[in-house]
Amino acid sequence: MTADDTIFALSSGQPPAAIGILRISGSLAGKALSALTGKSPEPRVGTLCNITDMVSAELLDQALCLWFPGPNSATGEDLVEIHCHGGRAVIRAIEQALEQIDGLRRAEPGEFTRRAFTHGKMDLAEAEGLADLLFAETELQRKAAVRNAGGALSRKVDDWQQTILQLSAQVEAELDFSDEDDVAPAQASLLDQTTRSLVEEMRSLLARPRAEKLRDGIRVVLGGPPNSGKSTLLNALVEREAAIVSDIAGTTRDVIEVPIALGGVPFLFIDTAGVRESGAATIEQIGIDRAHQQFATADIILWLGDEGQGPRSDILVEISSRCDHPQHKPKSIGSFTLSPVSGQGMDALVDFLVTRAKGILPDADQVSVNARQADRLTAACNSLAAMIDEPDYLIVAEHLRMARKALDQITGKASTEDMLDGLFGKFCIGK
């Protein structure tokens, strides 16, 4: 398998459906379309064609066909789209016909998008935004992904690159034409001023919450001693029987994770084993250890145990969850008093969680970076910060070069194959 192969795949949802869209990309795409239809449609004009089997001449379907000669196509190569009926048998028959054409093969996951990246139709930051868009389940996820897939981060990086290139040109000119090794005072002042501005912008972006939070959701961990009502509260929050509820202490022995959207915000609710200091059996102790691990990675902890006995953390929220019980003892002001059984107080807790989550998540209307992008942006920022007040132009030039290289890695102008394989392998086949 090589990048020169012509590939095909179903690019729409799994059948059955009203319409199925098959894409063909590569140098043999036009030949494949002619073989199936006996036509060479006008570029970028939908044409109704009979799709026939090349061996038996049997009519497989009537479909709307589109022909996009490269490089002006989504992948930068010759590209064909066949919009056929979306039944399983129809799609399978057309795929089998395509397999009979020499030089065609089925696409690997993400291969269409990877070819778009290779041919300069999108950069790496845009491809990562597209990957997030494919898996977006909430409005916040969609808005943020559309922003990055549309090139918002790429444009920001490009602006920084242009400024750094101008600084590099000034430094190189000084090195070439100046008789002195040191920077002229006026030149040094302008250089430092521009560099400080760049560093401030980059640090501002780095200070924002990471993009992964929108994808993975806010981690809300339910904690407390055995039989304190954690599983009952979890089921009430997610509105289904996600966890087993029993009067027997220690029913929950392992971590239970339930993703859900509340108020358009992605959450991951995590039920944990009951926490107690001593007397736990070996298996129960493993569950307790895992509960402590979840506390360490939580964004919000809902503590259903005795007040003040939960993990010492500014993300801990005290919950008094049995307000309908005759022997209920409310906690202090600031805690939530509720009943998952009757529903009393649940709306207030959900409203609180949504409000708190929006303060943790990145603003969908602003550019945000993921962990990989943040690592490279930090490297660029550090290189620029290191050249401030540096009198030696040779050292300044090297810092500028390193900053340019780090920014290139954000957009994929300098990337490794392993990293690209990891990214595009996450895409579905046909994308």
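## Strand β11 and its neighbours

Let's start with a trio of strands. Strand β10 (residues 300-303) runs parallel to β11, and 3 bridges join the two. Within this pairing, leucine 302 stands opposite valine 317 in β11. Strand β11 also has a partner in strand β12 (residues 336-337): these two run parallel as well, joined by 2 bridges. Here serine 320 has threonine 337 of β12 as its bridge partner. Please keep in mind, as you look around, that this is a predicted model.

How many of the residues of strand β11 (residues 316-320) are buried? The count is 5 of the 5, so the strand is largely enclosed by the rest of the structure. In a regular strand, side chains alternate between the two faces of the sheet. In β11, Leu316, Glu318 and Ser320 point one way, while Val317 and Ile319 point the other way, and all are buried.

## The chain as a whole

Stepping back, you will find 14 helices and 12 strands in the protein chain. Of its 431 residues, 46% are buried. If you take the contacts between residues at least 6 apart in sequence, 63% of them join residues at least 24 apart.

## A sheet of six strands

Next comes an open sheet of 6 strands, in the order β3-β4-β5-β2-β1-β6 and with mixed pairing. Its edge strands, β3 (47-52) and β6 (104-106), each pair on one side only. From one strand to the next, the twist averages 30°.

At one end of that order, strand β1 (residues 6-10) pairs with β6 in the parallel sense, over 3 bridges.

Which strands does helix α1 (residues 29-37) lie across? They are β1, β2 (17-25), β3, β4 (59-68), β5 (79-86) and β6, and the helix runs at about 75° to β3. Helix α3 (residues 111-118) lies across β1, β2, β5 and β6, running at about 135° to β1.

## Two helices packed together

Helices can also pack against each other. Helix α9 (residues 230-238) and helix α11 (residues 346-360) do this at an angle of about 75°, with 11 Å between their axes. Angles of 65 to 115 degrees count as roughly perpendicular, so α9 is roughly perpendicular to α11.

On the α9 side, the contact is made by Leu233, Ala236 and Leu237. On the α11 side, Met346, Leu349, Val350 and Leu353 take part. The residues of this contact of α9 with α11 divide into 7 nonpolar, no polar and no charged.

## Pairs of aromatic rings

The structure holds 3 aromatic pairs. A pair of aromatic rings is described by the distance of the centres and the angle of the planes. For phenylalanine 267 and phenylalanine 269, the ring centres lie 5.5 Å apart and the planes are at 20°. Planes under 30 degrees apart count as stacked, so this pair of phenylalanine 267 and phenylalanine 269 is stacked. Phenylalanine 267 and phenylalanine 269 are buried.

Another of the aromatic pairs is formed by phenylalanine 295 and tryptophan 303, with 6.4 Å from centre to centre and 70° between the planes. This pair is edge-to-face. Are phenylalanine 295 and tryptophan 303 buried or exposed? Both are buried.

Notes
Residues numbered from 1 in each chain as written. Predicted model: local features only at pLDDT ≥ 70, side-chain atom pairs only at ≥ 80, totals over all residues. Heavy atoms only, no water. Pairing = 2+ DSSP bridges. Helix = DSSP H or I, 4+ residues; strand = E, 2+ residues; numbered from the N terminus. Axes fitted to C-alpha atoms, helices over the stretch in contact; angles between N-to-C directions. Contact = heavy atoms within 4.5 Å. Parallel < 35°, antiparallel > 145°, perpendicular 65-115°, else oblique. Nonpolar A, V, L, I, M, F, W, Y, C, P; charged D, E, K, R; others polar. Phe/Tyr/Trp six-rings, centres within 6.5 Å; stacked < 30°, edge-to-face > 60°. Buried < 20%, exposed > 50% of the residue type's maximum accessible area, 1.4 Å probe, protein only.
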